[in-house]
Amino acid sequence: FGVNGGRAEAWLAWLLLEAKELEDMTNERPAPKTPAEDQTVPAAADPVAELKAALAEAEEKAAASRDGHLRAVAEQDNLRKRAQRDLENALKYGMEKLAGDLLPVKDSLEMALASQGGEAGSESLRAGVDMTLKLLAQALERHGITEVDPAKGEAFDPEWHEAMATQESAEVPADTVLSTIQKGYRLNGRLLRPARVIVARAPAA
């Protein structure tokens, strides 16, 4: 029995040793993390970087707002200038149609005056036509209507003159006005009707 008892004690001691080693291993092993513990904690944000980003965004918005304001001011100024120009043109050229209707009247008076000869009894008629023509011319001038009546030998200007024909002439240089068929008119510097003229050309060799 003594031998068996010693073997039993040794076997029991070995079991105890194995149990203790297993316990030590269990204690050393880290406990499993809970889902809350297993979440990775994000790194703390950089406050300086956040401030710089916010400042850049604010500056971008301010620049866009400033550009929009400048565009709005420029557009408003253009509208004001356009309206003022339209008003000035309306006041300046508003009687263009009326002037166009009056010019044939003036033409007729001038032709009537030119056709009056030295016949008896025609002096009073001539004086009346002449007076009417002068009054009409003065009225037109007061409203900015001036004549375009090129002199003989004046250079032909297509801006103010309309060539009705060309004619050989040794009296004046080529490409100058030889004669005026009908006067032209300007309204405050704007062409109302061109002067209709005959343009001289050099004689054939």
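The expected span of a helix is 1.5 Å times one less than its number of residues. This value will be of use at the second stop of the tour, which moves through a predicted model.

**The whole chain**

Begin with the entire protein, displayed as a cartoon. Its secondary structure consists of five helices and six strands, and the order from the N terminus is α-α-α-α-α-β-β-β-β-β-β. Of the 205 residues, 17% count as buried. The protein exposes about 15500 Å², of which carbon and sulfur atoms supply 58%. Among contacts with a separation of 6 or more, 64% join residues 24 or more positions apart.

**Helix 5**

Next, select residues 122–142, which form helix 5. With 21 residues, helix 5 reaches 30 Å from its first C-alpha to its last, close to the 30 Å expected at 1.5 Å a residue. Which residues of helix 5 are buried? They are Ser-122, Val-129, Leu-133, Leu-136 and Leu-140. These residues lie on the same side of helix 5, because they cover an arc of only 65° around the axis.

Now turn the view to the face directed away from that buried side, where the exposed residues Glu-123, Ser-124, Glu-141 and Arg-142 are carried.

**Leu-140**

Select Leu-140 within helix 5. Is this residue buried or exposed? Leu-140 counts as buried because its relative accessibility is 4%, below the 20% limit for that class. Beyond its neighbours within four places in sequence, Leu-140 is in contact with Leu-102, Leu-103, Lys-106 and Ile-145. A distance drawn from Leu-140 to Leu-102, C-alpha to C-alpha, spans 8.8 Å, although the two are 38 residues apart in sequence.

**The nonpolar cores**

Then select the twelve residues of the largest nonpolar core: Met-95, Ala-99, Leu-103, Leu-109, Leu-113, Val-129, Leu-133, Leu-136, Leu-140, Ile-145, Tyr-185 and Leu-187. Helix 4, helix 5 and strand 4 (184–187) each supply at least two residues of this core. Apart from it lies another core, of six residues, including Trp-160, Val-177, Val-197 and Val-199. In soluble globular proteins, nonpolar side chains tend to be buried together.

Leaving aside neighbours within four places in sequence, Leu-109 is in contact with Val-129, Thr-132, Leu-133 and Leu-136.

Terms used:
Residues numbered from 1 in each chain as written. Predicted model: local features only at pLDDT ≥ 70, side-chain atom pairs only at ≥ 80, totals over all residues. Heavy atoms only, no water. Helix = DSSP H or I, 4+ residues; strand = E, 2+ residues; numbered from the N terminus. Buried < 20%, exposed > 50% of the residue type's maximum accessible area, 1.4 Å probe, protein only. Contact = heavy atoms within 4.5 Å. Areas by Shrake-Rupley, 256 points an atom, 1.4 Å probe, with all protein chains shown as cover. Arc of directions from axis to C-beta. Core = buried A, V, L, I, M, F, W, Y, C linked by side-chain atoms within 4.5 Å.
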